[in-house]
Amino acid sequence: MIEWLLIPAAYLLGSVSCAIIICRMMGLADPREQGSGNPGATNVMRIGGKKAAGITLLGDLLKGFLPVYLANFLGMPPLLQALIGLAAFFGHLYPVFFGFKGGKGVATSLGVLLGFSWLLGLAVIGTWLLVYKLRKISSLSALTASVLSPVYAWFILGDKVIVCAALVMMVFLLVRHRGNIQRLLAREE
């Protein structure tokens with residue numbers, strides 16, 4: 001029974017907007033009204049610098065990681081782990097506490113992947129870092145890492161349920177980044 005309570009709990013945790021809370025605590029502008037208008041670490045970096053962005057990134061990552069890690073630690077089957085991870089991810093994208101208008105989900109999806117497997121998370125982080133080192137474009141790095149995450153999940157874990165969860169997150173990340181994709185294609189990003 002407790003296993004099924006973790007799904008709504010993960011959604012509620014995911015609904016906590018670290019960007020908005022950190023900006024309020026640090027006396028910064030609301031990230032939904034400044035910069036790109038996105039409540040995420042990249043926009044917080046524009047508004048408040050590296051420290052605020054780093055705290056936001058860590059918070060967004062942890063809200064994806066902690067519920068999945070707990071489910072993994074408790075020995076829950078992959079289906080429950082995937083549902084819990086997706087609940088946290090969708091909480092970030094569509095937060096109940098902030099009018100269902102959330103961030104793009106990059107850090108939270110990374111936290112979910114780290115919760116599934118440290119090796120999977122590290123593969124995604126490594127991809128992000130490599131692409132960023134080569135191209136210096138955060139959105140391109142995130143999109144590349146996201147597109148490869150289901151492939152990594154398949155080779156590292158070999159579990160179809162976890163691969164499907166990675167695919168779902170990838171699709172939503174691509175949709176949330178459609179403006180970035182258009183700018184990348186137009187070489188304006």
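Student: What covers the buried residues of helix 9?
Tutor: This is a predicted model, where local features need pLDDT of at least 70 and side-chain atom pairs count only at pLDDT 80 or more, while totals for chains, interfaces and linings use all residues. Residues are numbered from 1 along each chain as its sequence is written, and side-chain values use heavy atoms, leaving out hydrogens and water. A helix here is a DSSP run of H or I with at least four residues, numbered from the N terminus, and contact means heavy atoms within 4.5 Å. The cover includes helix 5 (78-93), helix 6 (106-116) and helix 8 (138-156).

Student: Which residues of helix 9 are buried?
Tutor: Buried means under 20% relative accessible area, with a 1.4 Å probe and protein chains only. In helix 9, that label goes to Ile162, Val163, Ala165, Ala166, Met169, Met170 and Leu173.

Student: How far apart are the end C-alpha atoms of helix 9?
Tutor: Helix 9 covers residues 160-176, which makes 17 residues. The expected span is 1.5 Å times one less than the number of residues. That gives 24 Å, and the distance in the model agrees: 24 Å.

Student: Which residue caps the N-terminal end of helix 9?
Tutor: Look for a polar contact, a pair of N or O atoms within 3.5 Å, one able to donate a hydrogen and the other to accept it; residues adjacent in sequence count only if both atoms are side-chain atoms. The backbone nitrogen of Val161 has a side-chain oxygen 2.9 Å away, and that oxygen belongs to Asp159.

Student: Is His177 buried or exposed?
Tutor: His177 sits in the loop between helix 9 and helix 10. Its side chain reaches the backbone oxygen of Leu173 at 2.8 Å. Leaving aside residues up to four places away in sequence, His177 touches Lys104, Val106, Ser139 and Leu143. With a relative accessible area of 4%, His177 is buried.

Student: How far apart in space are Leu6 and Leu70?
Tutor: Leu6 belongs to helix 1 (residues 2-14) and is buried, at a relative accessible area of 15%. Not counting residues up to four places away in sequence, Leu6 touches Leu70, Met76 and Ile84. Leu6 and Leu70 are 64 residues apart in sequence, yet their C-alpha to C-alpha distance is 9.2 Å.

How values were computed:
Helix = DSSP H or I, 4+ residues; strand = E, 2+ residues; numbered from the N terminus. Buried < 20%, exposed > 50% of the residue type's maximum accessible area, 1.4 Å probe, protein only.
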